[in-house]
Amino acid sequence: MKTILICALALTTMLGQAYSQTMSDKKDNMKQQNIEHYTFKLSDKVTKKKVRFKSRYGITLSGDLYTPKNNSSHPLAALAISGPFGAVKEQSSGLYAQTMAERGFVTLAFDPSYTGESSGEPRNVASPDINTEDFSAAVDFLGLQKNVDRNKIGIIGICGFAGMGLNAAAIDKRIKAVAVTSMYNMSRVMANGYFDALTPDQRTKTLEQLGEQRWKDAVQGAYAASSNNLPDKLTGNEPQFVVDYYNYYKTARGFHPRSINSNGAWTATNPLSFMNMPLLTYVKEISPRPVLIIAGENAHSRYFSEDAYKAAAEPKELIIITKAVHVDLYDKVGIIPFKKLEEFFKANLNDVSAEKTVVVEEGVAVEK
């Protein structure tokens, strides 16, 4: 009997059989991934530079550092940005970083540990602890730059890395403000299922299957990849959110060969640590530093954002973008409220905060 498996893409609620990926397959895949390609048009208003930096776990992270060309002689505020879960810096996080650099910030879009151009073996693994540390390592790097004011560093997390970003802000007091979009709480969804529908018996059976997969991996001497990745072609029977993901990751709009969601799969045992380590236990401890949470009105993930907002302490803001779905906040520049993000960070990195809920209706912000 198949049991429930939860992944960031939510491609299915069932745990399918994993397939084995050989070392030669990995090498061929890495060769294929070694391509310079961005899913958005690069701007002539900023300078982009490839950088590398280490986390306290010894993993070398790869990032793109964006700097405004009309650079001030004074140190600037800076932002570390990552996500979505299974994406790379040449996708959504790079677009956010470039756009915020155009608005006057030094920004760093980075590939999380074990993915993209960052190091770490085995590949295509996520961790609530290590990926939280990724944000703090990015703050380390930004704080060492001569053109950055280390007392004015914020972070932006997208999708699954929104939860990591909130977790990082809770523990790392150097982070002065945090904004998240299309948030997923990865540990909650993997542990409890969508809308917390996973029963204790289903959770037990899922963990038993994951344990059996570990035996198979141990015998094989390699880590099997999950079969629950996006289809290469839609059949017409998929849920709408799967269609939305497909239209981003599998088409020219958002495809990148290094992206797990575009061109690969997480390891089959990837859910294990998330199922036992709640990410947002200490979200209240972000206060008195400000939190901005942005979600689409029609996003299947919206409830994560609303619950995180309820759990966070003041000062906090919640913005609901009318008619938007989850992936609209990945790359649709006419929908992503970049002006609000600019105002939020320019105000709050200078110790100005507010608490309100804002609903954006047809481009007009209405405070509630």
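## Report on a predicted protein model

Strand S7 (residues 291-296) and strand S8 (residues 316-321) pair in the parallel sense, with six bridges between them. Two strands count as paired when DSSP finds at least two bridges between them. Helices (H or I, at least four residues) and strands (E, at least two) are DSSP runs, numbered from the N terminus. The structure is a predicted model, in which local features need pLDDT of at least 70 and side-chain atom pairs count only at pLDDT 80 or more, while totals for chains, interfaces and linings use all residues. Residues are numbered from 1 along each chain as its sequence is written, and side-chain values use heavy atoms, with hydrogens and water left out.

### Overall composition

The protein chain contains twelve helices and ten strands. Of its 368 residues, 58% are buried. The term buried means under 20% relative accessible area, exposed means over 50%, and partly exposed lies in between (1.4 Å probe, protein chains only). Contact means heavy atoms within 4.5 Å. Among contacts between residues at least 6 apart in sequence, 74% join residues at least 24 apart.

Strand S7 is mostly covered, as six of its six residues are buried. In a regular strand the side chains alternate between the two faces of the sheet. In S7, Val291, Ile293 and Ala295 point one way, whereas Leu292, Ile294 and Gly296 point the other way, and all are buried.

S7 also runs parallel to strand S6 (residues 177-181), to which four bridges join it. Together, S7, H10 and S8 make a right-handed β-α-β unit. A crossover is right-handed if, with the strands pointing away from the viewer, the path from the first strand over the helix to the second runs clockwise.

### Salt bridges

Side chains of opposite charge can pair when their charged atoms come close. A salt bridge is defined here as a side-chain nitrogen of Lys or Arg within 4 Å of a carboxyl oxygen of Asp or Glu. By this rule the model has 23 salt bridges. The table lists three of them.

| Salt bridge | N to O distance |
|---|---|
| Arg258 and Glu90 | 2.8 Å |
| Arg174 and Asp172 | 2.8 Å |
| Arg302 and Glu306 | 2.7 Å |

Which parts of the chain does the pair of Arg258 and Glu90 tie together? Arg258 lies in the loop between helix H7 (240-249) and helix H8 (260-263), and Glu90 lies in the loop between strand S3 (76-82) and helix H2 (92-102), so the pair links parts that are 168 residues apart in sequence. Arg258 is buried, with a relative accessible area of 4%, and Glu90 is buried at 0%.

In the second pair, Arg174 is partly exposed at 36% relative accessibility, while Asp172 is buried at 9%. Arg302 and Glu306 both belong to helix H10 (residues 302-311); they are four residues apart, so about one helical turn separates them. Arg302 is partly exposed, with a relative accessibility of 24%, and Glu306 is partly exposed at 25%. Salt bridges that share partners also join Lys50, Asp64, Lys89, Glu90, Asp111, Glu117 and Arg258 into one network.

### Two residues and their contacts

Glu133 is found in helix H3 (residues 128-143). Is Glu133 buried or exposed? Its relative accessible area is 8%, so Glu133 is buried. When residues up to four places away in sequence are not counted, Glu133 touches Ser55, Arg56 and Tyr57.

Lys152 belongs to strand S5 (residues 148-158) and is partly exposed, at 26% relative accessibility. Leaving aside neighbours within four places in sequence, Lys152 is in contact with Ala77, Ala78, Leu349 and Asn350.

### Packing of helices H2 and H12

The axes of H2 and helix H12 (residues 338-348) come within 10 Å and cross at roughly 60°. Axes are lines fitted to C-alpha atoms, for helices over the stretch in contact, and angles run from 0 to 180 degrees between N-to-C directions. The crossing of H2 and H12 is right-handed. A crossing is left-handed if the near helix is turned anticlockwise from the far one by less than a right angle, and right-handed if clockwise. At this crossing, Tyr96, Thr99 and Met100 in H2 meet Phe338, Leu341, Glu342 and Phe345 in H12.
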